[in-house]
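I opened this model to look up a few features of its helices, chain contacts and backbone. My notes are below.

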Amino acid sequence: MMSFDAIVIGGGHNGLVSAAVLAKNGRKVLVLEAADDIGGAARTEAFAPGFRVSSIAHVLNRLHPDVVKALELERHGLDIARGDFVPSVALSKDGPPLILHGAYGEVLTGASSSEQTAWKGLRAQLLRYAGILKPLLARRPPDLGGMSLLETASLGQTALALKRLGKEDMRDFLRVLLMNVADLLDEQLTDDRLKGLLAFDATLGSHLGPRSPTSLLGLYYRLAGETGGAAGAQTLPKGGMGAVISAIRAAAERAGVAIRTSTPVARIIVAKGRAVGVALDSGEEIRAKTIVSAINTATTFFDLVGPREIDTGFVRKVGNIRMKGDAAKLHLALDRPPQFAGVDAADHKGRLVIAPSPDHVEHAFNPSKYGAFSPEPVMEITLPSLADPSLAPDGACVLSAVVQYAPYALRERWSEGKPKFLEAIMTQLETYAPGIGKTVRHAELLTPADIEARYRMPGGHWHHGELQADQMLMSRPVSGWSGYDTPVEGLFLAGAGSHPGGGVSGAPGLNAARRIIAMRG
Amino acid sequence: MKAWDAIVIGGGHNGLVNACYLQRAGLDVLVVEKNAWVGGAATSRELTPGFLYSNCSYVCSLFRPEIMRDLELPRFGLQVISYEGGAVFTRDGDYLANYRDHDAHRREFARFSRRDAEAYDRYARDVTRQCRFIQPLLMRTAPDPTSFRPRDIGELLYLGRKFAGLSPEEMALTLRFWTMSISDFLDEYFETDVIKANFALSGIIGTALGPMSPGTAYVLLHHYMGEVDGSVGAWGYARGGMGAVTKALAASFQASGGTIRTGAEVDHVMVRHGKARGVVLAGGEEISGKLVVSNADVKRTFLKLVEEKELPDIFLRRVRNFKIRGSSGKVNIALDSLPEFPTLPKDSPVYRGDMHFTDSVERMERAYDDWKAGQWSADPFLDMMIPTTLDPTMASPGKHFMSCFVQYAPPKVNGRDWTDADRDGFAESVISQIAEYSPGFRDRIIHMEVRTPREIEAEVGLTEGNIFQGELTFDQLLFNRPVPGYAQYRSPVGGLYMCGSSTHPGGGVMGAPGRNAATEILRDLAKPKQHMSPAHDVI
Amino acid sequence: MTRQLNINPSARTLAQSHFRTLRLGTPFQPRIDALAKTNDWYNWAGYRAPHSLWDEELEYFAIRNQAALFDISPMTKYRIEGPDAEAFLNRVTLRDVTKLKARRVHYTAWCDDEGFVLDDGTLFRLSPTRFRLCSQERHLPWLLDSAKGFDVTVEEETEAVAGLALQGPTAFAVLREAGFAGVENLKVFDLADFPHDSSPQGNSQVTISRTGFTGDLGYELFVPSEQALSLWDRLMAAGELRGIRAIGYTALNRARLEAGLIVANSDFVTSEHAIRADRLRMPDEIGLGFMVDLEKGHFNGRRAILEARARRKLRHVLVGLEIEGNIPAEHAIVYYRKSQEVGLISAATWSPMAKRNIAIASLARSFGDTIVDDLWVEIYAMRELQYQKLMKRAKVVPRPFIRLDRRTANPPADF
């Protein structure tokens with residue numbers, strides 16, 4: 001029988017990154033994936049005959065450069081050129097759209113010149129401030145229990161970077177850090193389309209409205225990500241998100257990682273407070289010195305380790321992680337490409353956002369607090385088959401949209417609510433792309449409940465835990481255990497539930513692997 | 001012409017506290033107040049014969065005992081009486097009471113959930129720990145984190161040391177606590193709606209946030225860090241209404257030689273060569289002073305009382321960006337007799353406490369959604385009490401004064417100014433809610449005063465009618481309050497200081513901003529501060 | 001008496017009136033009230049409990065000479081039942097519950113994740129799958145949250161179950177006289193059920209364990225609250241010729257000190273109540289290290305306790321002290337070489353049984369641990385409005401301060 005140094009549970013991108021980095025550092029690594037294919041929420045899947053789509057994550061905007069470098073992903077088929085950057089288009093119901101070109105609006109079109117000037121200032125400021133936070137992404141959060149000299153020193157660097165901002169800039173940084181996004185936008189901008197787009201981006205994937213304090217952090221999180229060396233840039237990868245996974249997989253396999261799919265783990269075997277292996281659904285047991293869980297934190301501890309092996313306070317903390325998703329995913333198989341009003345051909349290949357104003361986003365958010373979906377949802381739409389015709393039959397088109405707000409715990413239950421929500425979405429789409437409804441060959445709507453069931457993501461939350469201030473950094477996934485290790489010796493967390501959070505970044509997986517290596521695990 | 005050593009604009013509690021300290025330090029101080037009475041938002045007014053109204057602020061807890069002692073306020077009539085618990089009425093005909101007795105409190109909670117009843121101690125412990133962390137910061141000037149001055153570095157180190165003194169678990173909770181919503185925080189302790197609502201209300205009073213907004217856990221703390229004679233977290237009535245606080249302050253001020261001019265509205269601050277020289281009253285009268293202290297909020301002070309050209313752009317921008325949001329109103333009622341609440345036994349101590357009708361966090365949050373939409377809440381949150389059940393001085397025996405604090409009320413209705421019809425509609429939403437629980441309530445009303453943000457701004461001068469002179473969100477706390485770079489009570493204009501609730505540590509009848517400002521002024525004047533007793537220990 | 005009401009009020013609404021009774025009576029209250037001639041009450045977890053009833057000295061000597069009856073109903077009681085009850089308690093508490101046989105009792109404690117003691121208490125194994133946990137403080141949320149993943153139910157039953165401690169040399173004789181046949185078979189920490197009140201309304205059982213808080217021969221009896229008074233009467237009648245006497249807490253406290261037993265939130269602060277982080281205590285720091293069983297499976301706090309032991313992070317130690325002279329040193333500061341402050345006495349008394357001045361103290365390690373000489377206590381004795389300050393030598397001595405053979409003798413002594 002093969003023996004392994006480390007077993008990685010979950011073949012999503014973080015699991016694969018973690019496995020690859022460990023393997024490159026001399027570990028014999030086995031990845032166990034429950035589904036019949038790896039990739040987790042970053043797969044490209046068929047959803048109608050002849051139609052394929054990036055089934056959850058559909059825009060690549062934050063794959064961490066350290067991951068690209070460590071895994072030499074460019075040698076394994078990942079190819080991101082500046083020319084691939086796609087624009088963000090803020091759609092308007094009754095006028096021309098406003099468009100952010102290049103890396104998050106290096107050029108802004110469709111806005112007044114004064115708004116362009118204002119945007120230039122705001123964009124620079126946001127990128128500057130996000131840049132302060134950026135180095136935190138690729139390292140363990142500070143340890144409150146006592147920091148090593150190295151940790152203190154690296155935090156000191158952040159403080160220094162802050163000081164380098166200059167007095168007034170630093171003051172503004174400290175003021176706006178935990179502010180709500182709507183207020184900041186109101187302070188500096190006037191165009192509702194632009195403000196709506198930014199408000200949408202700040203709250204995408206979280207249970208916050210633009211007026212919720214701390215919502216600006218969501219925008220920082222986005223802008224701390226980079227693509228092709230440009231902060232805030234985004235691409236629609238050729239072949240869908242699955243192509244990114246293929247590159248990571250190739251790197252992992254090249255490093256010697258063994259991957260088993262259709263292999264659900266039943267439990268993590270713990271002996272005397274130490275993880276020593278896993279038991280599969282089949283009954284098979286595999287032992288290893290290091291177990292890496294790249295799946296959800298709560299699933300890891302409640303289902304695989306079991307609450308008996310951990311302390312009650314920790315059980316409470318894990319139980320208190322808020323992870324009820326608000327984002328649904330819509331896939332439409334269309335007879336032909338839709339025409340969004342006022343959008344030219346090139347911009348249809350970008351990210352089209354329906355979020356007419358921060359107030360609109362806020363109103364869309366309101367019902368989700370009470371377990372109801374937005375009657376007028378906000379969404380980001382991509383038409384990936386325009387640039388990559390392999391995703392759809394000839395002449396046909398794929399529409400992929402992330403739609404908010406669709407609370408996981410819908411009071412009327414999703415079995416009842418789903419058709420109504422789909423109707424609400426289609427009504428919105430029809431307004432912005434008249435005639436689209438008649439071209440729908442097939443529609444697939446994944447509610448958070450569907451996402452939970454299909455991708456084993458509790459709450460259907462793609463961050464595996466709300467990415468809000470109180471669940472970030474030292475508090476992610478839970479306070480006291482934010483450094484990828486866990487109360488169970490030999491068990492590490494490497495999923496999006498850990499710092500810095502979700503999105504196709506690979507950072508949690510990378511950081512976890514680094515931690516394991518540092519601990520000689 | 002006489003030149004005062006200091007002119008304090010506004011005779012609110014912070015202005016008076018500031019004036020008292022300056023006068024006692026040997027300065028010759030003048031307080032100018034636009035109304036015919038002093039007190040600002042801490043007043044007792046006889047708006048109908050035989051009834052004293054605490055018509056703005058209505059309860060006392062936050063007022064710093066050090067100040068009461070330094071300024072000899074008991075000698076000038078101030079007495080604070082703890083009130084007895086309170087209740088949240090539930091829509092199923094029951095209520096959840098808060099009793100002062102620990103075991104009665106637990107048994108009351110156990111009527112709804114045994115688990116929640118036994119969870120209370122841990123909740124209280126965690127909140128107490130947070131309060132103990134914050135409390136010592138109230139009477140200190142916030143450091144400027146961008147400064148390399150020894151004093152700022154020293155204060156930063158003090159903060160750092162205080163934080164480092166916490167256990168890792170406490171640190172973690174502190175970090176989370178400051179950014180959590182009160183709703184999420186309570187979810188970690190309790191399971192019952194009404195019990196959560198009972199605590200959540202302290203997270204929203206005075207703010208333009210709902211209980212589900214991050215940051216409201218901190219607001220709860222702001223309401224918990226007061227005390228009544230050493231009983232930390234307790235709330236009470238000032239005997240004779242909240243005006244008793246400012247009346248005592250005014251008397252103390254005058255007794256130490258200070259001068260108050262009422263009916264004297266300041267038109268602007270005189271500035272020459274970047275330095276404040278005095279004030280000009282609305283009638284044109286000039287009063288010169290060596291320094292000027294403004295008790296008005298930061299927007300009123302710098303956008304209305306000081307000429308734009310005297311202020312740096314970056315400062316003006318930050319002042320304009322300061323968030324003062326009207327979110328509450330007030331309905332004050334004179335009652336012919338004590339209202340009955342059939343669900344509440346006649347001998348219940350709840351009559352002598354605060355009463356609420358919002359029995360779930362969701363109802364509170366929905367009330368906030370109305371505010372966000374520019375409307376007053378259709379189903380408002382009320383913080384209602386009848387001070388006359390404890391204080392015999394506010395109405396004749398058998399008659400009662402009722403104070404209803406109401407949330408939410410927007411500064412503008414659907415983007416336009418309040419009208420009288422709006423005001424009546426707002427009042428009706430309050431009265432009908434009370435009447436639902438108290439049959440015959442309407443018939444007991446002798447007189448009623450309704451204060452929307454419009455009335456509060458017009459009379460008290462609080463921008464948008466915001467009771468805290470500025471939102472208590474992180475972007476406006478500590479070294480960010482009121483604006484970054486000017487969080488130490490000074491302003492870009494030499495000799496012009498701020499002492500209102502817009503400054504650290506914020507609103508509520510606390511007096512700390514007034515005192516802290518005096519500390520800074522006396523430091524600038526190199527005056528001794530021996531009449532200022534040290535902040536009480538937190539041990 | 002029943003009364004027809006228009007609406008059927010829920011139990012919740014009916015319970016509203018509790019505010020009129022701030023200090024509840026226990027199920028034995030009518031009897032205790034009748035005997036409480038000193039009217040010297042204190043608040044025990046919301047109940048009106050007597051410090052003394054008639055004369056605290058005589059009450060103390062009832063424990064040591066006759067049989068003392070003490071109402072322990074206010075003690076918090078949880079019923080823990082289910083197929084996983086044993087596994088659940090094994091995970092919650094420090095000791096190995098698999099070694100606790102059915103119909104046995106053990107003294108145990110439980111900790112939070114950081115290894116700080118949440119409380120100590122007694123665990124009664126009523127049957128293989130049914131337990132009763134008695135403690136000073138309340139722990140329902142902790143127990144319920146700990147129950148995740150276990151097939152077990154946890155219910156608070158403080159009000160439903162009345163408890164009595166019958167302690168003293170004639171305790172067994174009283175029970176025998178009361179007709180509890182077979183009670184002589186109970187060894188220390190055994191328990192058994194006995195029939196009580198065979199009337200149709202009654203017909204219940206009383207659970208008797210050979211346990212107590214006095215270091216003496218003694219038993220604890222638990223009965224449904226409705227049968228409390230008849231049990232009391234039965235014992236009092238049976239004990240009349242053997243000097244039975246109801247007692248208050250002052251007497252009991254003296255006896256427990258002689259027995260060297262600690263009281264939560266008196267000798268240490270429980271971790272859910274400690275506001276100041278440095279007041280928290282690990283088992284090793286309050287003399288409960290012996291309970292920690294590292295051989296059994298995972299239990300709450302295990303990791304932290306192991307780490308603290310390995311990294312020598314234990315900062316305190318709880319010791320018994322014997323102090324010169326006869327002035328009780330309650331809450332006195334303990335000094336090393338008369339000058340360096342090293343700890344505090346949490347409880348102290350003159351022991352009539354040992355004829356020594358005894359105390360329990362919490363000291364900063366290594367004092368009391370490796371440094372045991374040259375310890376002093378400063379006693380502030382208030383005498384006619386003046387403190388008489390005494391500096392007295394203190395000696396670390398093992399607990400219990402007294403050992404009585406009759407506590408464990410089998411068969412129990414029959415007087």
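**Ground rules**

I am working on a predicted model, where local features need pLDDT of at least 70, side-chain atom pairs count only at pLDDT 80 or more, and totals for chains, interfaces and linings use all residues. Residues are numbered from 1 along each chain as its sequence is written, while chains are lettered from A and ligands numbered from 1 in the order in which they are written.

**Helices α6 and α7, chain A**

I started with helix α6 (residues 181-188) and helix α7 (residues 192-203) of chain A. Helices here are DSSP runs of H or I with at least four residues, strands are E runs of at least two, and both are numbered from the N terminus. I read an angle of about 155° and axes 10 Å apart for this pair. That makes α6(A) roughly antiparallel to α7(A). Axes are lines fitted to C-alpha atoms, for helices over the stretch in contact, and angles run from 0 to 180 degrees between N-to-C directions. Under 35 degrees counts as roughly parallel, over 145 as roughly antiparallel, 65 to 115 as roughly perpendicular, and the rest as oblique.

I noted a right-handed crossing of α6(A) and α7(A). The term means that the near helix is turned clockwise from the far one by less than a right angle; anticlockwise is left-handed.

I then listed the contact residues. From α6(A) they are A:Val181, A:Ala182 and A:Leu185; from α7(A) they are A:Lys195, A:Leu198, A:Ala199 and A:Ala202. Contact means C-beta atoms, placed from the backbone, within 7 Å. By class I have 6 nonpolar, no polar and 1 charged residues in the contact of α6(A) with α7(A). Ala, Val, Leu, Ile, Met, Phe, Trp, Tyr, Cys and Pro are nonpolar; Asp, Glu, Lys and Arg are charged; the others, Gly among them, are polar.

**Helices α1 and α15, chain A**

Next came helix α1 (residues 13-24) and helix α15 (residues 507-518) of chain A, packed at about 35° with axes 7 Å apart. α1(A) also passes α15(A) in a right-handed crossing. Among the contact residues I found A:Val17 and A:Val21 of α1(A), and A:Leu510 and A:Ile516 of α15(A). The contact of α1(A) with α15(A) divides into 8 nonpolar, 4 polar and no charged residues.

**Helix α12, chain A**

Is helix α12 of chain A enclosed or open? I count 6 of its 8 residues (358-365) as buried, so α12(A) is largely enclosed by the rest of the structure. Buried means 20 or more other C-beta atoms within 10 Å of the residue's own, exposed means 12 or fewer, and partly exposed is in between; C-beta atoms are placed from the backbone. The buried residues of α12(A) are A:Pro358, A:His360, A:Val361, A:Glu362, A:Ala364 and A:Phe365. Their cover includes α6 and α7 of chain A, and also α13 (361-372) of chain B.

**Chain contacts**

I moved to chains A and B, where 31 residues of chain A meet 30 residues of chain B. On the chain A side, α5(A) gives the most, with 8 residues. That side divides into 10 nonpolar, 9 polar and 12 charged residues.

**Domains of chain B**

I noted domain 1 (3-44 + 240-322 + 467-524), domain 2 (126-236) and domain 3 (324-463) in chain B. The bounds come from an automatic or database domain assignment. The C-alpha centres of domains 1 and 2 of chain B lie 26 Å apart. Here 20 residues of domain 1 contact 16 residues of domain 2.

**Backbone**

Most residues other than glycine have a negative phi, and most peptide bonds are trans. I logged some exceptions.

- B:His504 to B:Pro505 is a cis peptide bond, omega near 0°. B:Pro505 lies in the loop between β22 (496-498) and α17 (512-524) of chain B.
- C:Arg365 to C:Ser366 is also cis, with omega near 10°.
- A:Leu473 has a positive phi of about 45°. With 18 C-beta neighbours inside 10 Å, A:Leu473 counts as partly exposed.
- C:Lys338 has a positive phi near 65°. With 12 such neighbours, C:Lys338 counts as exposed.

Conventions
Contact = placed C-beta atoms within 7 Å.
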